[in-house]
Each structure stands twice: as structure tokens, then as C-alpha cells.
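Please look over the sequence and the model below before reading on. The briefing is arranged by topic.

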Amino acid sequence: MKYFWMYIKQTLRFVLKPLSFVPAIIMMCTIFMFSEQDATASSELSYKVGVKVFSVANETFDKGWSDERISQLSVKSQYYIRKTAHFTEYFVLAVTVAFPLYVFGVRGLWLVFFAGGFCIAFAGLDEYHQSFIAGRSPQKRDVLIDSCGVILGVIITRIVGWTGRMTIFKPLSNNQEKKQKTVDRR
């Protein structure tokens, strides 16, 4: 029975480890779809997000803003909403790329190099892709903002991965080692 469970465990690892890259692929497709929008659609989306954010802020902090005031605030903050979206998208992309690499054993500076390099290259290609969309243009500043999101995402992945290895998984591996020594003695 022991070997059966070992077989199941190894099979699940073999199947599930490669699937850990699926969130990264989904995130890359999402970023591509946002970049595919023309300037008008992109502006409308930023405006709607701004209205939603300021409406929630109005309700939460009981500001008493009118719908007209919320609309004005949304129009004024479009730039910041877009740049925050850039940062957030690439932060999530970096986490979804770095975590599977970490699971596969890529750690330390190699993780920063591979995950960070891949995500920053994707940011550059994404900006290049925007040069073919009506009303949009590639901007170096956006790649810089994307890169900041990537760096933070990789750093947080490293911190969470290291903390998990040292706190959660280390005792589990120690228990496995003790069990193996007990089996070896028999």
C-alpha cells in the first residue's frame, strides 16, 4: 500500500507541476487583451474603474460626493489609474511566473534573472504591440513602471517561498527524514 501512495504522489507531482504555469499564461493573455484595446476603449475602461473606486471611497468614507464630482475625480485621475493598472498587472504576472519557477527549484538570483527578465521582456513586447493599435503608442515609462511591478513581485515571491520553506515545509521534511531513518534501521 505504501508504494501505491508513493506512486500516486509522484504522478500528481508530475502532472500538477507543469500546470503551475497556467496562471502565468492566463495573466499574459489578459495583459495582451488589455493592450489590444484601442485608445477610446482603454480610456472608457479607465474611466469606469475610476468611477467605481471613487464611488466605493465615497460610500466607505461618507464623503457625500455627487455623481458629477465622482465623474470629475475619475477624469482627473485617469493617468494614475492607468499607471497603477500597469504596475499591478506586471506584479501579478511576476508572481505567477516566479512561483512555478521557485517550485521547480529556481531560487536566488537565478529566479530574479529568469522570472524578472522574462516579465520585463514581455512588458517591452507588450508596449511594442501597442504601436500597432489605433490611438496607442509604446512608452518607455510604462515599461519602467511594469518593471517596478515585476521586481516587487519577484522579491515578494522569494520572501514568501523562503519563509514557507523555513517555517512550514522544513518541519515536514524533517519528519520525512526521521521516518526514513526509522525505516532504514529496520
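This is a predicted model: local features need pLDDT of at least 70, side-chain atom pairs count only at pLDDT 80 or more; totals for chains, interfaces and linings use all residues.

Residues are numbered from 1 along each chain as its sequence is written, and side-chain values use heavy atoms, with hydrogens and water left out.

**Helix α3**

- Helix α3, at residues 39–61, has 23 residues and spans 32 Å from its first C-alpha to its last, close to the expected 33 Å; the expected span is 1.5 Å times one less than the number of residues.
- Helices here are DSSP runs of H or I with at least four residues, numbered from the N terminus.
- The buried residues of α3 are S42, S46, G50, F54, A57 and N58, where buried means under 20% relative accessible area, exposed over 50% and partly exposed in between, with a 1.4 Å probe and protein chains only.
- These buried residues of α3 pack against α4 (67–76) and α5 (78–103).
- Just after α3, D62 takes a positive phi of about 50°.

**T157 in helix α7**

- T157 is found in helix α7, which covers residues 140–185, and T157 is buried, with a relative accessible area of 6%.
- When neighbours within four places in sequence are left aside, T157 is in contact with V95, A98 and F99, contact meaning heavy atoms within 4.5 Å.

**Nonpolar surface patch**

- L12, F14, V15, L16, L19, V22 and I26 make a nonpolar surface patch of about 690 Å², and the elements that give two or more residues to this patch are α1 (2–19) and α2 (22–36).
- Such a patch is made of residues with over 30% relative accessible area and no salt bridge, the nonpolar side chains (Val, Leu, Ile, Met, Phe, Trp, Tyr) being joined within 5 Å; accessible areas come from the Shrake-Rupley method with a 1.4 Å probe.
- Helix α1 gives the most to the patch, with five residues.
- L19 has its place in helix α1 and is partly exposed, with a relative accessible area of 48%.

**Salt bridge**

- A search of the whole structure finds one salt bridge, defined as a side-chain nitrogen of Lys or Arg within 4 Å of a carboxyl oxygen of Asp or Glu.
- K83 forms a salt bridge with D142, and the closest N and O atoms are 2.5 Å apart.
- Because K83 lies in helix α5 and D142 in helix α7, the pair ties together parts that are 59 residues apart in sequence.
- Both K83 and D142 are buried.

Notes:
Patches are made of residues with over 30% relative accessible area and no salt bridge: like charges are joined within 9 Å, nonpolar side chains (Val, Leu, Ile, Met, Phe, Trp, Tyr) within 5 Å.
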